[in-house]
Amino acid sequence: MRKIGTAIAPVMLSAAGALGTSVVHAEGLIESIIEKTTFLGQFRVDAAFKTNDEQNPYNQNAFPYQNEAVSRQAYLPPDLGGGRWGNTEIPSLPFVLDTNDTVVRNDRATGEDYDWNQVNLRFSGEMDMRFNRQWRLNVKLRALFDPVVHDGFDAYDVMGDQGGIAKGRYDRYADTGETNFYQAKGRNGENINPLEFAGRNYMVDFPTFIINYKSGKYDLRFGNQQIAWGQAIFFRTLDVANGLDLRRHLIIDRTIEEFEDERVPKLALRATVQATNNILFDGFVGKFQPDILTNPNTPYNILPTQFYRPLDNYHTGGYDNKLDAGFRLKGDYGNWGWQAMYVSRYNPLGVIRWAESGVNNGLTPWGGTVGTAVETGYLLKPKCSGSQNPYDNFCRLYDSVGEALSHAPLTAGPGGVYSDKEWFATAHSVRLDGVEVINAAIRDFPALRDIFASPVANVEEASALLNTFFIGAGGSIRGNLQRDYFREDVFGFGLSYVTETEDNKSFWNQIILNMEVQYTPERVFTSPDLGKDGLTSDEYILTLVAEKWHRWSESFPAAYLVGQFMHRSESDLIGLHLDGYGGNVGNTDPKQPGGISSANYLVFAGFQPWPNKKYIAEWAILYDVQGGLLFQPLLKWNPGRAMSVDLYYNYVTGDLHGDGSKTLTRALDHVQEVGMRFTYQL
């Protein structure tokens with residue numbers, strides 16, 4: 001940290017003098033503040049190069065069954081006399097032809113493969129201005145630029161197919177149709193983060209912007225800030241005050257940093273009070289800020305882009321005016337310690353569910369004879385009166401199929417799902433039930449039943465329904481989603497103990513043992529069927545941590561070692577409910593998910609400095625007991641002259657043993673990359 005007050009003070013004092021004698025008395029104060037102001041700057045380059053040929057399976061040109069020929073068959077809908085889905089083929093109707101085909105998902109959804117997962121140029125700056133012994137202003141700025149070494153998917157490339165992809169105001173693609181890497185907008189076009197300025201390939205924000213008052217046992221901080229109550233690697237049992245920003249590198253950058261770069265800052269008032277010699281009180285009240293999800297077709301995207309990016313209701317649902325609040329009590333008594341916390345918050349991950357498309361796009365002319373048959377059959381029905389029920393199939397709610405689809409979550413358009421096989425493989429890869437998501441859409445949106453969709457009982461019936469509508473749409477159908485948030489009460493408790501042995505050099509001496517427990521009653525999760533009400537259940541999370549500093553020899557500094565275990569009763573490490581686990585994986589026959597009873601993870605991490613600290617070896621291993629693995633070895637080089645270089649490798653697999661259908665890391669097992677970080681302290 002470098003003081004620059006000596007250089008700036010004469011200029012400011014000269015300006016003050018020019019204003020007149022009334023400011024002369026302020027000169028001493030201004031000079032004192034400037035002398036106590038410090039600045040810290042850092043320039044950084046982050047890059048990650050792919051070491052495998054596998055592309056992100058949630059992006060265009062890499063979906064399941066890409067470039068494979070898949071046969072499709074259309075059927076007479078049960079509501080038109082077909083009995084059940086798949087029972088009677090449409091050819092029984094004399095005026096309908098061409099009811100089966102073979103589709104190849106390829107150039108209809110063009111995009112560029114990624115060789116570089118990440119290339120970021122970043123500047124971070126911090127200003128700490130002390131007014132006196134009690135008051136200070138602390139501001140941290142982060143500016144990031146992506147030179148865009150890959151163009152990604154461009155929605156304009158498919159504008160001539162099936163009517164193109166609807167733009168949809170900020171929430172789907174950039175204004176130009178190209179991949180949008182960093183903007184995070186609500187469905188009304190407003191920023192989700194108020195102190196953030198972002199575009200397609202850049203972002204600037206303020207992770208910290210606080211006024212701090214500290215006197216004696218009181219410490220008050222007001223402004224944009226992160227509140228870190230947990231220190232575990234990968235695990236956030238008690239660290240629940242802030243959401244996570246997944247846009248830059250998910251959670252697989254330098255893992256030892258414990259989400260420092262991922263926490264979403266929030267406008268809050270935080271108070272820390274040393275209540276007694278042994279007990280610390282820490283509480284906050286803050287503006288609710290949700291998790292920031294990855295954007296479509298970006299290298300680390302985790303949301304299938306056959307579906308529009310979830311329309312975020314943060315502003316339109318009034319969540320931007322909601323408050324989170326909580327407190328923690330922490331006590332230390334020699335080798336023993338405890339902590340207890342309570343937080344009332346809106347879950348920042350939110351609940352993703354089906355949404356109306358708002359896109360009036362019918363089935364003709366691209367839907368062929370099947371699309372024409374559906375459109376004709378729809379127009380033959382009379383309009384419903386107020387007393388009629390469209391589920392009786394005797395009347396229609398809207399003037400056209402296009403208008404009906406605008407009130408449904410499915411839209412005819414390119415770059416969506418092209419076959420039943422792709423539908424099931426993609427749905428199950430993100431912990432959804434490929435059969436029940438259809439039934440939930442029909443149940444929650446009468447417009448689908450209005451155009452002859454009806455509930456299905458199994459995979460076979462779902463396949464018949466899906467392929468009928470894919471053919472009728474003239475190629476593919478895109479899904480429409482939205483994200484809402486639900487309040488929850490989070491209770492936490494922890495115990496800690498530091499071991500002591502008679503031999504101070506023993507490995508078992510000074511091990512810090514921690515147990516943390518979180519309990520949340522009636523937590524609302526995204527339902528595996530994307531239903532409007534979500535899935536509600538009580539959840540408890542248990543985490544055990546053992547950490548220590550240990551010196552292996554006199555010639556080397558002490559190494560830091562940490563081992564962790566987490567048990568989760570209802571959700572995985574990301575927060576998705578476990579009922580969605582167990583579906584088919586990749587290009588295999590559809591199998592509905594059966595769920596798993598719990599999620600369990602092990603972590604072993606640490607670092608070992610060299611004698612002169614010129615090099616530091618780091619490692620982090622996350623093991624999912626169902627058969628998943630994330631392994632990150634890292635070597636840090638400090639050549640001097642305010643420079644450092646980190647070189648690491650990310651290896652992820654979802655099927656270390658088993659078929660991968662029950663592991664968290666299956667969603668990321670396409671990530672095999674060499675990463676580099678170059679840092680220069682200004």
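Guide: About 890 Å³ of space lies in the largest pocket. Of its 33 lining residues, Glu126, Lys140, Pro207, Thr208 and Glu260 are the closest to the centre. This is a predicted model, where local features need pLDDT of at least 70 and side-chain atom pairs count only at pLDDT 80 or more, while totals for chains, interfaces and linings use all residues. Residues are numbered from 1 along each chain as its sequence is written, and side-chain values use heavy atoms, with hydrogens and water left out.

Visitor: What makes a set of points a pocket, and what makes it a cavity?

Guide: Both are found on a 1 Å grid over the protein atoms alone. A cavity is a set of points where a 1.4 Å probe fits but cannot get out; a pocket is an open set with protein on both sides within 12 Å along at least five of seven lines. Lining residues have an atom within 4 Å of a point. Points are joined across faces, edges and corners, and the volume is the space filled by probe spheres set on them.

Visitor: Which strands supply at least two residues each to the lining of the largest pocket?

Guide: They are β2 (38–50), β5 (116–130), β6 (135–145), β8 (202–215), β9 (218–225), β26 (643–653) and β27. The largest share, five residues, comes from β6. Strands (E, at least two residues) and helices (H or I, at least four) are DSSP runs, numbered from the N terminus.

Visitor: How many cavities of 30 Å³ or more does the structure hold?

Guide: There are 13 of them. The largest cavity contains about 750 Å³ of space. It is lined by 43 residues, and those closest to its centre are Ile302, Leu303, Val430, Ile574 and Leu576. Helix α5 (residues 420–429) gives the largest share of that lining, four residues.

Visitor: Why is the link between Cys384 and Cys395 called a disulfide?

Guide: The criterion is a pair of cysteine sulfur atoms within 2.5 Å. The S to S distance of Cys384 and Cys395 is 2.0 Å, so the pair qualifies. Both cysteines sit in the loop between α3 (368–380) and α4 (401–406), eleven residues apart. The link is right-handed, with 90° about the S-S bond. A search of the whole structure finds one disulfide.

Visitor: Why is Cys395 called buried?

Guide: Buried means under 20% relative accessible area, exposed over 50%, and partly exposed in between (1.4 Å probe, protein chains only). Cys395 has 1% relative accessibility, so it counts as buried.

Visitor: What makes Arg677 and Asp46 a salt bridge?

Guide: A salt bridge needs a side-chain nitrogen of Lys or Arg within 4 Å of a carboxyl oxygen of Asp or Glu. The closest N and O atoms of Arg677 and Asp46 are 3.2 Å apart, so the pair meets the criterion. Arg677 lies in strand β27 and Asp46 in strand β2, so the pair ties together parts that are 631 residues apart in sequence. Arg677 is buried at a relative accessible area of 6%, and Asp46 is buried at 5%. A search of the whole structure finds 35 salt bridges.

Visitor: Is Leu682 buried, partly exposed or exposed, and how do you know?

Guide: Its relative accessibility is 41%, so Leu682 counts as partly exposed. Leu682 lies in the segment after β27 (672–681).

Visitor: What makes the nonpolar surface patch that includes Leu682?

Guide: Patches are made of residues with over 30% relative accessible area and no salt bridge; like charges are joined within 9 Å, and nonpolar side chains (Val, Leu, Ile, Met, Phe, Trp, Tyr) within 5 Å. Accessible areas come from the Shrake-Rupley method with a 1.4 Å probe, and for residues only the protein chains shown count as cover. At 41%, Leu682 passes the area cut-off. The patch of about 590 Å² is made by Phe43, Leu121, Phe123, Phe145, Tyr202, Tyr680 and Leu682.

Visitor: Why is Ile292 called buried?

Guide: Its relative accessible area is 1%, so Ile292 is buried. Ile292 lies in the loop between β11 (279–287) and β12 (311–312).
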